[in-house]
Amino acid sequence: MKQIAALLACLVTIITCGCLETAAQSVEPNDWENPRLTGVNNLPPRSSAVVPFYNGNEKECLMLNGYWKFKLVHRVADRIADFFKSEYDDSQWLNLPVPSNWQVPVFIGKLASDAQKLLDGVVDDYPIYVNIPYPWTKPWNPPHIPDDYNPVGMYRREFTLETVQGETQYVLHFAGVESMFYVWVNGEKIGMGKDSRTPVEFDITKYLKAGKNKIAVEVFRWSDSSYLECQDFWRLSGIFRDVFIYTLPKVRIEDVKFLTELDANYKDALFQAVITLKNDTSEPVNVDVALKLPSGSAASFPKAIPAGQTITTTIQTARLNPKQWSAETPNLCDAEVFIPHQTVYAKVGFRKVEIKDSQLLVNGKPVLIKGVNRHEHDAVTGHTVSVESMIKDIELMKQHNINTVRTSHYPNDPRWYALCDKYGLYVIDEANIESHGMGYGKETLAKNPLFKEAHLDRTIRMYERDKNHPSVIIWSLGNEAGDGPNFTATYAWLKEHDTTRPVHYERAGGGANTDIFCPMYMKVWDTIKYAENNPKKPLIQCEYAHAMGNSVGDLFKYWDAVRKYPALQGGCIWDWVDQGLLADVPGVPDGGLQAKSRRISGPPAARYRSRYYAFGGDFGPKNVPSDQNFCCNGLVSPERKPHPALHEVKYQYQNIWVEQNEDKKFVIRNENFFAPLDYVDGRWELVADGKVVHHGPIVKLDGIGPGETKEMLRIEPLIMPMIPAGAEQLMNFTFTLKEDTVWAQKGHVVAWGQFVIKEPEAVAVPPKTDSAAGLLGTITPDFWRAPTDNDRGNRFAKNHSIWRGVPDGVTVDFKNENGFVELVLTKPENMIDPPRIGTQLMLPAEYNQVEYYGRGPDENYWDRKAGSMIGRYRTAVEDMFVADYVEPGENGYRTDCRWVAFRNRQGKGFLFVPEKVTAEKAAASVSVPVLCFGASHYSKAELERCDHPYKMKADEYIFVNIDLGQMGVGGDDSWGAQTHNEFRFKAADYRFKYRIVPLQAGDDPVKSAR
């Protein structure tokens, strides 16, 4: 009996377990863990041209921006079940502004301001910065999300409608919510959205009432959509873009697609509008649909729309010969599509984009992509970016000759594209897809069928919203998300629905899912190999020249190759803006956001007194995932102050070049593809030892068309009374805007060139008996530098550490006598290269006034100096320090200096002059004797010790380096790439000599240097 009972019990267990397993399999997944569910009750995506807020009719929208009641819980299970009900009492909740991210420092108590007073408290959460990983601890098991910590923000607010019109559709528009969100209106659940970077719209008509209405929103920090939003940026949450309600008539234009492509001769065009019409009534309706352009071209057709149906119709104008749109010539015209009770306005541009003969063509021309990647970032508001900030970005980009932006790694605010249309920027528009944390192998979401719908949904939403912008010349399927069937599907969808633009995807390599070979961080020699191997696709690097901190060395090499090989068409620098978040220095009170200290500037003693730029690991618990300062790779600071490397970018990206031909005549070359040089004035200057002695205009630039060159006269060295005998003579050329533009004022320098036309003649210097060196104290050989971000990434401190002193096996002969300092170094071949060859001394702090004749006015280095003109400059030691690098390191250097002087306020000081030596191997591309120098109130040890500038302590002395030079800063990438060999001190004998001359008030350094 016991055996039978046991057998029956076992059988029951088996049956029960099987039933439970079947039941478990039939349970619907949570919405936030169901990637096949891309939204609930979402209206179909449409062009932003149809939305009044984006086409100049913001007044037609009921804006819901402003303060909302806000409550945060840390787990999904802790959500308040009935918070959405109209009668719920939210009086004790916080007051959070919308749009915003709830984790930015100002809301979590890490940045003092009046906003916290209005908030009436702080939000108990924190920002997380990671690059590749997901922001929660492993395991990463898509589509599942951790339930122990996944904050949910609950929002509520009230709005008023005077009336609710029965013949009107009311559309609730969320421009951007991260990550997943539910919506209720007047206690009724409306729907759900997931893609954080494209609009999610709901028809809320039947839920509204005249008078007061209540809206409630529930936002999950993480959901299954987070697996596709693993971008290299701050992981933040909230309703971070605009929210509003707009209305459409019952018989309406649902969507418009404008076709403006030029014909095969790149001259004429048929302007077409593909119009989607909907009849939301119970009766068939006849409407007149009209299209018009300001040129007078127009077309109109009657259309019958059956009851409750949607139709699509195409209207076109007569053949046009329009002004063409390009980044150089952003010609736009107004288009209108209208039916009774509704008009859609849009700015349209006529242009044609195609790939022919392994080149990307715009309007038939193989344009060069002089680009950057841009994250949407604000130092105070996080991912919420104002129009003013967008305009500032575009102005800076245009002023520095940048012509392309990749929207890394998601569709940007819709207003960004309208600004790019207007100002003239090419856009690579990227879908909100990155699953970097899953890698590129078998676990990639590109191969996971559960995520196919999500891949398609995000791609379709991007396309439908942005399809009418002429600035969008390339679609990108996403970033760092592997490759597989899901991208095959998105590529095929785009090619089916848009024949006017190529498609780009880096992880596809040279495969079928991309029309452009768009690698990232490909070495310049490898790009040359590609170009020389008869390629079938153009090579445009989606990311290159990693601009992390003191970087962007070797940029000229890439552009020498681009200008030589037709298949190489440029790329987009990573990236535009440092993603630092402004925060209060711990333990230091501050006066709020209106205080002058919001912009970090001023002398070192006060510069870091109250605020700093925070990066990964500065918030939250000690075990929070973090990739530290890897979020700060920008050409500009978080406050949009240009880093010195941006001057090099401006020079390498410029569109006007002066060259010398074989006859030593100067030639002007117009690298524009569409614009003649009638928009600039050109001038030349003859400079002797840093002083302008003659100048004049460059005439007849108007006749230099796109791609053309013009030869000028040969300019010989001059012998004039005002030119000292033996002086170095330079010829400078500058090109400036003739008139104000939307992005810069008249006189802005767009390009320049410089040539040495007479080298200085050597002057014999008698030995000095009054040694200035004795007044300076100790001068020592110096072979070390404080690591840069690139150095930290390639294990510089470990690999080069022997050069903190004098390594065994290295011969150093050092002399300091009679006003001369001489250093001779013999470096064996089997020893790693020294970071620097030079000397260090300490000057009293009073000698902080600096004047030099060399490259400037900003910091420059051996491999990043082409964009720095040789000239005579004045500065101060305090101003040489680059305060906006978020993590301290080597900075503020100057190269190719003929002399440098340090003086006090009374004019007394010391002059350092390089001497010509017989066995010189100089870190310079000039044959005249030069030195390089740096000066700082901070020691190298202090720069190495501190991870934030505010932690540094200034010394009472000035640390001065007078050097033969230091190795280049590099810039291929920041996680292992080494400085290129030609910018390192390889095995050789190095000899460096300079003299020190005491200066009195009124002494001319030029004369004292002779």
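This is a predicted model: local features need pLDDT of at least 70, side-chain atom pairs count only at pLDDT 80 or more; totals for chains, interfaces and linings use all residues.
**Aromatic rings**

- A pair of aromatic rings is described by two things, the distance of the centres and the angle of the planes.
- Tyr651 and Trp657 make an edge-to-face pair, because their planes stand at 75°, with the ring centres 5.2 Å apart.
- Both partners are buried: Tyr651 has a relative accessible area of 16%, and Trp657 has one of 10%.
- Tyr852 and Tyr873 form a tilted pair, since their planes meet at 40°, with 5.5 Å between the ring centres.
- This second pair ties together parts that are 21 residues apart in sequence, because Tyr852 belongs to strand 45 (residues 849–856) and Tyr873 to strand 46 (residues 869–876).
- Tyr852 counts as buried at 1% relative accessibility, and Tyr873 also counts as buried, at 17%.

**Charges over rings**

- Arg221 places its charged end over the ring of Tyr126, 6.0 Å from the ring centre.
- Arg898 does likewise with Tyr853, its charged end sitting over the ring at 5.6 Å from the centre.

- Strand 25 is largely enclosed by the rest of the structure, because 5 of its 5 residues are buried.
- Both of its faces are covered, with Ile369, Gly371 and Asn373 buried on one side and Lys370 and Val372 buried on the other.
- Strand 25 runs parallel to strand 31 (residues 568–573), and 4 bridges join the two; here Gly371 stands opposite Cys572.
- Strand 25 also runs parallel to strand 26, this time through 3 bridges, and Val372 stands opposite Val405.

**Helix 4**

- Which residues of helix 4 are buried? They are Ser389, Met390, Asp393, Ile394, Leu396, Met397, Lys398 and Gln399.
- An α-helix has 3.6 residues a turn, so residues three or four places apart point the same way.
- The cover over the buried residues of helix 4 includes strand 25 (369–373), strand 26 (404–406), helix 5 (414–423) and helix 11 (645–653).
- After helix 4 comes Asn401, which has a positive phi, near 65°.

- Three strands make up an open sheet with antiparallel pairing, in the order 16-17-20.
- Strand 16 (251–259) and strand 20 (310–320) stand at the edges with a single partner strand each, so one side of each has no neighbour in the sheet.
- Neighbouring strands of this sheet are turned against each other by 20° on average, direction ignored.
- Strand 17 (residues 269–279) and strand 20 run antiparallel and are joined by 9 bridges; among the residues involved, Leu277 has Ile311 of strand 20 as its bridge partner.

**A buried aspartate**

- Asp457 lies in helix 6 (residues 452–466).
- Is Asp457 buried or exposed? Its relative accessible area is 18%, so Asp457 is buried.
- Setting aside neighbours within four places in sequence, Asp457 is in contact with Thr38 and Asp195.

Methods:
Residues are numbered from 1 along each chain as its sequence is written. Side-chain values use heavy atoms; hydrogens and water are left out. Buried means under 20% relative accessible area, exposed over 50%, partly exposed in between (1.4 Å probe, protein chains only). Contact means heavy atoms within 4.5 Å. Rings of Phe, Tyr and Trp (its six-membered ring) pair if their centres lie within 6.5 Å; planes under 30 degrees apart count as stacked, over 60 as edge-to-face and the rest as tilted. A charge sits over a ring if NZ of Lys or CZ of Arg is within 6 Å of the ring centre and within 35 degrees of the ring normal. Two strands pair if DSSP finds at least two bridges between them. Axes are lines fitted to C-alpha atoms, for helices over the stretch in contact, and angles run from 0 to 180 degrees between N-to-C directions.
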